[in-house]
Every structure is written in C-alpha cells, then in structure tokens.
Number of protein chains: 2
Amino acid sequence: MDRDIKQKEGLLIVISGPSGAGKGTVCRSYLKRNPDTILSVSVTTRQPRRGEKEGVNYFFRDKSTFESMIENDEFLEYAMVYDNYYGTPKEYVFKHLNRGKDVILEIDIQGALQVKKNFEKGVFIFIMPPSMKELKRRIVSRGTETPEVIMKRFKSAYDEINFIDQYNYIVVNDRVDKAVKKIEAIVMAEKCKVDRNRDFYINIREGGCLNDRSTTK
Amino acid sequence: MDRDIKQKEGLLIVISGPSGAGKGTVCRSYLKRNPDTILSVSVTTRQPRRGEKEGVNYFFRDKSTFESMIENDEFLEYAMVYDNYYGTPKEYVFKHLNRGKDVILEIDIQGALQVKKNFEKGVFIFIMPPSMKELKRRIVSRGTETPEVIMKRFKSAYDEINFIDQYNYIVVNDRVDKAVKKIEAIVMAEKCKVDRNRDFYINIREGGCLNDRSTTK
C-alpha cells in the first residue's frame, strides 16, 4: 500500500490570542486528546525553577548563547520579558515537523506575528473570548492582578483583536471541549488542503497510493 | 446572548471528482449524518421518470424555459447531456445559503469548474479514489459499462486529476465514513475562517457576543 510514499510534514499549529482568552487551557486539552502532537519547547535565559527540566519545560541557555542564536537566525520568534529572553527554536520545531509530527505553539499575539513572518505555512488560530465582558471577568478572576494591570490587559486585548486579519482561523473559547474540537477539525481540514497534497495526488495518478495523513483519527 | 447578530450565510459545499470516486455515496452519507444540510436540486429538460417529484428530484422545465434561464444568468452551472439540459439554479442555492443553511452540490469536474467561476467562496472538495487501480475496479464493478466506456471513463479520470489545483481540498475516499468525517471537519474549519467571520469579531470587540455557527455540532 505505501510504496512511493515519503513522510509528510507535520503542521505547525499556532494557538494565540489575547490574555484571558484561554489559550493555555485549550492547548493542554488539545494535547491530552492528541498525544501525538508535540508541544513546542522554548529557549529561555531565566533561571530554572524547582522541578523544571532542561528540554521539557525549557531549554535553559545563558544570555550570550541566546544572543548568538538570535545572530544566527535560529528563532521562529523571540522576545525579552522582565530582563529575560524567551524564544521558539527553529531546530526543535522543524525536527518534529520533518518527522511528520504536528507541533503546537501557544504564544501571544506579538510572537505569533513574528512566527508568521518566518513560517507562513503554519496554521494560525486566534482564540477568542465569547465576549469582552467574559474576557474581563476571566482576567479579574485570576485574582493576582492589580486594577491597573487588569485595565492594561483589557485594553491590549481590545487592540489585539485588530490583528485577527493576520490569522487563518478564529476559535471562540466559550467551552474548552468545543474549542478543542474545532481545532481538531481545522487540523484535519488543513491536511486535506490541495496545497499541502500536491506531490501526493500526482503520485496517485501515476499509479501509487495516497498516504492518508488522517488515518490515525 | 444573541443581540446584534445577523444570520450567517451557509456554505456551498461542492463535492466533485472523477466518475468512480464515490461522490454519490459520500454525499448521501454526509446528508444522513447532517440532516440540516440541503442537497441542491437541479433543473432539467428531461422527462420526469416514474416517482420523480418536481422540486425534490429535479425542477422539470421545457427547453425554451431552460434557455431563457441561461440567457438570464440564472445558473451556477449547466450542461447538455444526451440532448437534455441539466443545471444548478442560483435561486434555489442562494435562498438556502441566505437562510444560513449549508448546501451540498454533487457534480462532475466540468460543472464544478463552472460553479467556481460563478461562486468562488464555495468550498470545493475533490473526492479522490485511493488508487487508480481501485478506481478502475469500481468503474468495472458497476457491470453496466462496455469496455470502451470503461476505458474512456478511466482515461478522463486520469486527465481530470489535473484540475485538482482548482479545488480547495482533496478527500481520499478509501472508506466512506472516514471521507465523510473529513468533509465534516472541512465544513467546521471553514466556518472558523477569519475571512468568513470579519463582521463577527468586530461585533465582539464592540461589546456583542459571537454567534457561534458550530454550536449545532
């Protein structure tokens, strides 16, 4: 059945959206239901916290190493937050994609826009709160932010919605299970796209069989 | 919850592909699982057969009526087959789309290419046999075709695969249930596309709620 088939590239699934939209919860639930998907691991210059493991939670590097990685264009995106660098290493992501694994990347909007510049064939999904009121409620209910931070977050969520045009899909996170099902549908649909299957239908026509990427579902 | 919401347009789902790929079986199974989806009804100039009902199987019209409909640009596509016209009426399709219903259209490749010219925002799905060998087996196993017709069908299937670039998605029909699940995923994903939700995220940002089109799933 599988003659003439080369491994198909996995998908880079970029999960992004404003603070409070529920990106993290959605990603964790997606990964639980789709254990073959790889969670992208970031490089950081901050110190490891108790229990954090190299290559699992982060790749821990010193500042000069990080900066030489920037020099060498080794990041899909990076940013400095409170004096520490964080970045998504191309090598880790591409290694898994080339092996046919999907990679999921949970990232803020500025990061997603950088990734898009470097890797346009990623699937860019904007996680949307069901309403701005609910977004505010979620930010407030964390209980850890000052009123100033809450207002700032809320204001930037409002502004960030203007960047939706840079994304491929919007998923409303009113219920996590529904949001995850939509992301699963998006991933399945993307794998059926003509643009992603050109080699394969030519192969079929010439007598081969199509390696059906969605057989695992 | 639903204030400020206007009805969203349904999707036109165009199911196409070579003879023997199994378009008909896939469509019937999709409709069974998704009874809210409307099957497009064609206009024809051929005589009704026993049991066929006006507006259910076809809209039966005489030749001069059909030709004036052509004149008035009332078809998404039409063709003449064995001296009879067949066509997909815009009015019927648009009426349902405007009510928010998805419409499914099972059609050969020449027809699909015409529809694309007239309605680019349709979702064009190419149903692909798992192999050319299997395609040949399916055409032969109908038992109704002469060897000449079989060779002609097979040859045109081979040529038609060149038109895949005009489609959005390829779905391999190795098993009907899997093919249908992929079409369901495609429909769900298309409804999450940024391009199809522009009005809605602006509405959310300005204080409304998003009318989630996939809540029925």
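This is a predicted model: local features need pLDDT of at least 70, side-chain atom pairs count only at pLDDT 80 or more; totals for chains, interfaces and linings use all residues.
1. Strands β5(A) and β6(A) form it, with two residues between them. Look at Y82(A) in the turn: its phi is positive, at about 50 degrees.

2. β5 of chain A covers residues 75–81, and six bridges join it to β6(A), with the two running antiparallel.

3. Zoom out to the domains. The assignment for chain A gives domain 1 as 1–37 + 102–210 and domain 2 as 41–99. Taken over C-alpha atoms, the centres of these two domains of chain A are separated by 20 Å.

4. How do the two domains of chain A touch? Twelve residues of domain 1 are in contact with nine residues of domain 2. On the domain 1 side, the elements giving two or more residues are β7(A) (103–106) and α4(A) (109–118). The largest share, five residues, comes from α4(A). By class, that side of domain 1 divides into five nonpolar residues, six polar and one charged.

5. Next, the pair of chains. A rotation of 180 degrees, with 0.0 Å of shift along its axis, superposes chain A on chain B with an RMSD of 0.0 Å. The two copies are thus related as by a two-fold rotation axis. Which residue of chain A comes closest to the rotation axis? That's A185(A), at 2.1 Å for its C-alpha.

6. Finally, the contact between the chains: 32 residues of chain A are in contact with 32 residues of chain B. In chain A, β9 (169–172), α7 (176–191) and α8 (198–205) each supply at least two residues of the side that touches chain B. α7(A) gives the largest share, five residues. By class, this side of chain A has 21 nonpolar, five polar and six charged residues. And 100% of the interface residues of chain A are also interface residues in chain B, so the copies meet through the same surface.

Key: Residues are numbered from 1 along each chain as its sequence is written. Chains are lettered from A and ligands numbered from 1 in the order in which they are written. Copies are superposed by least squares on the C-alpha atoms of residues with pLDDT of at least 70 in both. Two residues are in contact if their C-beta atoms, placed from the backbone, lie within 7 Å. Helices (H or I, at least four residues) and strands (E, at least two) are DSSP runs, numbered from the N terminus. Ala, Val, Leu, Ile, Met, Phe, Trp, Tyr, Cys and Pro count as nonpolar, Asp, Glu, Lys and Arg as charged, and the others, Gly among them, as polar. Two strands pair if DSSP finds at least two bridges between them. Domain bounds come from an automatic or database domain assignment.
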